[in-house]
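Morning, everyone. Please have a look at the sequence and the model while I talk.

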Amino acid sequence: MTNDQIPMTKQIPNPNDQTLLLIDMSGDEALVVLARGEKIVSERRWENGPDAGRRVLEFVDELLKAETIELKSVERVAVQAGSGRRYSSLRSGVVVANMLTLALATIKLVEIRGGSVEEMIKQAWESELVNIVKPKYMV
């Protein structure tokens, strides 16, 4: 286990009413997803260009408002930490995930590996909680 994956607690099975916010800025398309249990409630995709990182919080807020969910009601934030091709965007997604969980101590943080949205949601509920996530860049 590395320093960037310091486990907080062992994973507890997920009741279907828990809310997950997923952030993936690792590919050509940026993505934020709101899920309840393993069911996708809402998602937002956009081109992962030079300004994509500046839009993450805007789209997180858009999803929460559209579903009338308060940020403090989110139980878990999952972030794809890389490796990724877009240094700035990847870092922005990781920073937003870390910031949200540090600002609201009730929200738990997990690092996910990637895959389809459904696979990432499943990973998010099965992964160990961490205190902080560090981006992983392609060399």
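Let's start with T68. Is T68 buried or exposed? Its relative accessibility is 74%, so T68 counts as exposed, because the cut-off for exposed is over 50%. Remember that this is a predicted model.

Where does T68 sit? The residue lies in the loop between α1 (56-66) and β4 (76-80). Just after α1, T68 takes a positive phi of about 50°. And T68 is not a glycine. Most residues other than glycine have a negative phi.

Now to α1 itself. Which residues of α1 are buried? They are V56, F59, V60, L63 and L64. These residues cover an arc of only 135° around the axis, so they lie on the same side of α1. Turn to the face away from that buried side, and you find the exposed residues K65 and A66.

What covers the buried residues?

Next, the largest nonpolar core. This core has 26 residues, and I23, V32, W46, V56 and V77 touch the most other members. Two or more residues each come from β1, β2, α1, β4 and α2. The largest share, 5 residues, comes from α1.

Take V56 as one example. Leaving aside neighbours within four places in sequence, V56 is in contact with I23, M25, V32, W46 and V96. Apart from this core lies another one, of 14 residues, including L20, L22, A78 and L129.

In soluble globular proteins, nonpolar side chains tend to be buried together.

Notes:
Residues numbered from 1 in each chain as written. Predicted model: local features only at pLDDT ≥ 70, side-chain atom pairs only at ≥ 80, totals over all residues. Heavy atoms only, no water. Helix = DSSP H or I, 4+ residues; strand = E, 2+ residues; numbered from the N terminus. Buried < 20%, exposed > 50% of the residue type's maximum accessible area, 1.4 Å probe, protein only. Arc of directions from axis to C-beta. Core = buried A, V, L, I, M, F, W, Y, C linked by side-chain atoms within 4.5 Å. Contact = heavy atoms within 4.5 Å.
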